[in-house]
Amino acid sequence: MQAWAFADGSEHISVQAMTAEGQPVPHELAGIPAVRVHSECATGDIFGSFRCDCGPQLKQGLEIIQRIGGYMIYTKNHEGRGIGLVNKLRAYALQDQGLDTLEANLRLGLGADERDYRQTAVILHRLGLTKIRLITNNPAKEMSLGELGIEIAGLVPDRIEPRAENARYLETKRDRMNHLLPFSEAE
Ligand SMILES: Nc1nc2c(ncn2[C@@H]2O[C@H](COP(=O)(O)OP(=O)(O)OP(=O)(O)O)[C@@H](O)[C@H]2O)c(=O)[nH]1
């Protein structure tokens, strides 16, 4: 594990998958590492909220890199798709009144997705991870990192089975935010 600090006060974490013998897990595909860039979600990652898929995605992302070799970059200034925790909780209050996850951000006068991947790209470059398989369902992450000089050799899905509490959130990500989530309807 490494921690990364930037001049604006942001801190991030990177973790490389290792074997029990202390060696890097070999990369499954022609030496290309798999990388999960996981945006902080205190509610889901720490407290196990069912409103989103973040907690299970974090766990599954770690399992994937342990299996096929690679890294997780945990981006701590991306909480709430970049709007921060307080604003995310304000957005949740609006979702409780009927808005979807996209509309709630906009109603607060914020962008639908305010994440900036420049610091992520700096970390990837410093780790020598300039050609990767990206573990994500979100094509916007692929595009953002591609524009910052990271070659994306392919996507590895990080899909979680929907549950009643996060069904609308996942449907909105699929239908309005272009996420590759090919499930039909949640139970
Ligand atoms: N503003 C806002 N942010 C949310 C909401 N639900 C979850 N989030 C945040 O969305 C982000 C999701 O991060 P990721 O799982 O890395 O990214 P993603 O865009 O879902 O794409 P994947 O790589 O496929 O998981 C986290 O920062 C969460 O805190 C919501 O309803 N509103």
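Student: Which residues of helix 5 are buried?
Tutor: This is a predicted model. In it, the buried residues of helix 5 are Gln-119, Thr-120, Ala-121, Ile-123 and Leu-124.

Student: And what covers the buried residues of helix 5?
Tutor: The cover includes strand 1 (2-5), strand 2 (11-16), strand 3, strand 4 and helix 6 (139-147).

Student: What follows helix 5?
Tutor: Gly-128 does, and its phi is positive, near 75°.

Student: Which elements give two or more residues to the largest nonpolar core, and how many residues does that core have?
Tutor: The largest nonpolar core has 21 residues, and those with the most contacts inside it are Ala-34, Val-35, Ile-65, Tyr-71, Ile-73, Ile-132 and Ile-135. Two or more residues come from each of strand 3, helix 2, strand 4 (70-75), helix 5 (118-126) and strand 5 (131-135). Strand 4 gives the most, with 4 residues. In soluble globular proteins, nonpolar side chains tend to be buried together.

Student: Take Ile-73, then. What is Ile-73 in contact with?
Tutor: Setting aside neighbours within four places in sequence, Ile-73 is in contact with His-12, Ser-14, Val-35, Val-37, Thr-120 and Ile-123.

Student: Let us turn to the ligand. Which residues come nearest?
Tutor: There are 23 residues around the ligand, and Ser-39, Cys-41, Thr-136, Asn-137 and Asn-138 come nearest.

Student: How many residues of the shell are nonpolar, polar and charged?
Tutor: The shell has 6 nonpolar, 11 polar and 6 charged residues.

Student: You mentioned helix 3. How many residues has helix 3, and what is its reach?
Tutor: Helix 3 has 12 residues and reaches 16 Å from its first C-alpha to its last, close to the 16 Å expected at 1.5 Å a residue. Just after helix 3, Gly-98 takes a positive phi of about 120°.

Student: Which residues other than glycine have a positive phi?
Tutor: Arg-81 is one of them, with phi near 55°, and Asn-178 is another, with phi near 65°. Most residues other than glycine have a negative phi.

Student: Where do Arg-81 and Asn-178 lie?
Tutor: Arg-81 lies in the loop between strand 4 and helix 3, whereas Asn-178 is in the segment after helix 7.

Student: Why does Arg-81 count as buried?
Tutor: Arg-81 counts as buried because 21 other C-beta atoms lie within 10 Å, and the cut-off for a buried residue is 20 or more. Asn-178 has 13 C-beta neighbours inside 10 Å, so Asn-178 counts as partly exposed.

Student: What about Leu-180: where is it, and what does it touch?
Tutor: Leu-180 is also placed in the segment after helix 7 (167-176). Not counting residues up to four places away in sequence, Leu-180 touches Asn-137, Pro-139 and Pro-157. Leu-180 and Pro-157 are 23 residues apart in sequence and 8.1 Å apart in space, C-alpha to C-alpha. Leu-180 is partly exposed, with 14 other C-beta atoms within 10 Å.

Student: Lastly, which residues does UniProt list for the domain?
Tutor: An unreviewed UniProt entry lists residues 8-157 as "domain: GTP cyclohydrolase II". In the model, the end C-alpha atoms of residues 8-157 lie 32 Å apart, and the span is 38% helix and 19% strand.

Terms used:
Residues are numbered from 1 along each chain as its sequence is written. This is a predicted model: local features need pLDDT of at least 70, side-chain atom pairs count only at pLDDT 80 or more; totals for chains, interfaces and linings use all residues. A residue is near a molecule or strand if its C-beta atom, placed from the backbone, lies within 6 Å of it. Ala, Val, Leu, Ile, Met, Phe, Trp, Tyr, Cys and Pro count as nonpolar, Asp, Glu, Lys and Arg as charged, and the others, Gly among them, as polar. A nonpolar core is a set of buried Ala, Val, Leu, Ile, Met, Phe, Trp, Tyr and Cys residues joined through C-beta atoms within 7 Å. A residue is buried if 20 or more other C-beta atoms lie within 10 Å of its own, exposed if 12 or fewer, and partly exposed in between; C-beta atoms are placed from the backbone. Two residues are in contact if their C-beta atoms, placed from the backbone, lie within 7 Å. UniProt positions are given in the numbering used here, feature names are shortened, and annotations may be inferred rather than shown by experiment. The expected span of a helix is 1.5 Å times one less than its number of residues.
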